[in-house]
Amino acid sequence: MVLGLCGLGNGWRAAARLGLAPNWIGEAISILGVAVWFTWLCLYAARWRNDRHAVLQEARDPTSSFFTSLAPVATMIAGVGLAPHWPAAAWLMALAGLVGVTLFAAWGAGTLWMGGRAFEATTPILYMPTVGGGFVAAITCASFGMKDLGLLYFGAGLLSWLTLESIVVHRMILRTLPVPLRASLGLHFAPPAVACVAYLSVTDGPPDRLAQILFGYALFQALVMVRLVPWLRMQPFSPAAWAYTFGVSALPLAALRLTERGLEGPNGNLAIPLFIIANLFIGWTALRTVVLLHQRKLLPGSRS
């Protein structure tokens, strides 16, 4: 939720810089993302206090354990969202997120290298610590004026993505993802678009060929996701649908950033339609989530 909302907020900020939207919309969505981050942080802390055994059990599960890296990743992107309004607090959030994602990525990669992982546990969730963490860390570093450090994180994220991509695709070709895990394909969709945004964040000047290559692959991934819609909809709507919103928000943000940096051609024609689609999809996801919250079905174990 935090990644999708703050990503959408950054998209509105880019649209405002291009003169396509008022400033207040992007700031309002970004602050909403920060509020959601703080709410989930409090809920997670309460769960750690009240049901520590279950939290530790999830942390040891080979499939779900890598989701834990969402904590530092969401903290970083929430810090970027908060930065224009409360720089000191945002810097502390960014620093905590950078330290957390670095430690978790090293721990997660080391765990994979020791082997013994079941074939079924190989899912797009593997991208979270190194790929998602590396790219968001690069964006965060650039937002706080540390582009050289951001390049290091971008390199770690890029090469981790290229390594894991073939492994994850190989698994999906040979054995279908079970219905409860299909929303994790949203994490497979996100890397090229987020990589493009991260690369533009840590570089200067007109977009080069690599930025356009990353954007082209992101567009291809989006087309594949559209083709998979009937198959993905076999999984009933749940908060897991927010996994799609990171890539959905990053794709138009990449197009807007390319336009902002002076790229002309097909990209300029795609930026606004992609941005409209992203707003509609994330708005629909948010509305469905509010309905679940009203029905007291949002959190596991809750009752209507």
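These legends describe close-up views of a predicted model. Local features need pLDDT of at least 70 and side-chain atom pairs count only at pLDDT 80 or more, while totals for chains, interfaces and linings use all residues. Residues are numbered from 1 along each chain as its sequence is written, and side-chain values use heavy atoms, with hydrogens and water left out.

**View 1. The largest pocket.**
The volume is about 1600 Å³. Trp40, Tyr44, Phe67, Leu70 and Pro239 are the closest to the centre among its 38 lining residues. A pocket here is an open set of points on a 1 Å grid over the protein atoms alone, where a 1.4 Å probe fits, with protein on both sides within 12 Å along at least five of seven lines; lining residues have an atom within 4 Å of a point. Volume is the space filled by probe spheres set on the points, which are joined across faces, edges and corners. H2 (23-50) gives the most to this lining, seven residues. Helices are DSSP runs (H or I, at least four residues), numbered from the N terminus. The lining has 28 nonpolar, eight polar and two charged residues. Nonpolar covers Ala, Val, Leu, Ile, Met, Phe, Trp, Tyr, Cys and Pro; charged covers Asp, Glu, Lys and Arg; the others, Gly among them, are polar.

**View 2. The second largest pocket.**
This pocket holds about 720 Å³ of space. Of its 26 lining residues, Val229, Leu232, Tyr244, Val248 and Phe281 are the closest to the centre. Helices H9 (209-227), H10 (229-232), H11 and H12 (266-294) each give two or more residues to the lining. H12 has the largest share, with six. By class, 22 are nonpolar, two polar and two charged.

Arg17, Arg257 and Glu260 are linked by salt bridges (a side-chain nitrogen of Lys or Arg within 4 Å of a carboxyl oxygen of Asp or Glu). Arg17 and Glu260 have their closest N and O atoms 2.5 Å apart. Arg17 lies in H1 and Glu260 in H11, so the pair ties together parts 243 residues apart in sequence. Arg257 meets Glu260 at 3.4 Å, N to O. Arg257 is buried, at 18% relative accessible area, whereas Glu260 is partly exposed at 30%. Buried means under 20%, exposed over 50%, partly exposed in between (1.4 Å probe, protein chains only).

**View 3. A salt bridge between two loops.**
Arg175 pairs with Glu120, the closest N and O atoms being 2.3 Å apart. Arg175 lies in the loop between H7 and H8 (185-202), Glu120 in the loop between H5 (87-113) and H6 (127-143). Arg175 is partly exposed at 39% relative accessibility, as is Glu120 at 41%.
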